[in-house]
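Please open the model in your viewer and follow the selections below in order.

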Amino acid sequence: MTPSGAKLIVVSVASACAGVLLAMPQPIEPMDPGALRLDAQLSAQAHTRDLELAERAPTGEEAETLTALFREHGLAEANAGEPRAVRLNREERFARALARFKEVHGAEGLAALRARTCEELTVALKGELSDETERAVLGAFPRLLEQYGLSDNGEVIAPHFVVRTLYKARWNSIHDLPLTDGLDEGELRAYWGWLAVEGVAPPTLRLDAVQRFQEFDERAALEAAAYIAYARGDFSRATNLYGELANQGDLRLRNHALAAVRRVE
């Protein structure tokens, strides 16, 4: 036997042993809820739709007034407060401007205005606007990014599509619409998926997000639910959920199920 042949045999045997060890059941505590997997095609479709909508965004007095008040709101958020009388006055003007805009341009016009504002978000995050305009467009959004784990020490770490989707939710809230109004399948997947899997959402919101996310990615939602159960000390539920997933042939989740079983009292 040549030296190279002997080395090949040793390497082959070692690799086989490592494979056996990795395949052997062993309890391993889960350290995270998994990873959010976006659908690239759906994300691209949503962005293309927004670009087309933004091109049709209304102009004129109604749009300019509503946009100006939106930015005024953003500056107030960025400055972390304002006198109550000033806030109430702006809210009254905003309500009148919004009603007038809807009267003239309807729901489609409002959706187009939202899409155009999202394009401004992209420019603002790149730092290509003046300081005041950037703060007006972003408002308290940077704080929200930190709060929900989309940024770390001011640096955005989440996919831009997720950031853009959550900005839409903020825009909806300011314009007195449901948070997920106008979001398509790809955006809903990103919105609920981030809150369920990747984000640092409050427990009640996170559990609700897991249930809603299940419609778009059942396996990822179940893994998130299993991790949440384990982290909360509900090891029986974690065992059942990880076990259900392990039955699909995932050795990693099988080992998490074993760790949960070991913790059941």
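The lining of the largest pocket comprises 10 nonpolar, 3 polar and 2 charged residues in this predicted model. To find this pocket, select L144, A169, R170, L179 and Y191, which lie nearest its centre among the 15 lining residues. Its volume is about 290 Å³. Next, colour α3 (61–78), α7 and α8 (185–198), the elements that each give two or more residues to this lining. The largest share, 5 residues, comes from α7.

Remain at helix α7 (residues 160–174) and select Y167 together with F141 of helix α6 (residues 141–147); the pair links distant parts of the chain, 26 residues apart. The two rings are edge-to-face, with 5.1 Å centre to centre and 80° between the planes. F141 counts as buried because its relative accessibility is 1%, and Y167 counts as buried at 0%.

Y230 and F235 are both buried.

Finally, select L207, V210, Q211, Q214, L222, A225, I228, A229, R232, D234 and R237, the lining of the second largest pocket. About 170 Å³ of space lies there. Which element gives the most to this lining? It is α10, with 4 residues; α9 (203–213) and α10 (218–231) each supply at least two. By class, the lining has 6 nonpolar, 2 polar and 3 charged residues.

Definitions and conventions
Residues numbered from 1 in each chain as written. Predicted model: local features only at pLDDT ≥ 70, side-chain atom pairs only at ≥ 80, totals over all residues. Heavy atoms only, no water. Phe/Tyr/Trp six-rings, centres within 6.5 Å; stacked < 30°, edge-to-face > 60°. Buried < 20%, exposed > 50% of the residue type's maximum accessible area, 1.4 Å probe, protein only. 1 Å grid on protein atoms, 1.4 Å probe; cavity = no way out; pocket = protein on both sides within 12 Å on 5 of 7 lines; lining within 4 Å. Points joined across faces, edges and corners; volume = space filled by probe spheres on them. Nonpolar A, V, L, I, M, F, W, Y, C, P; charged D, E, K, R; others polar.
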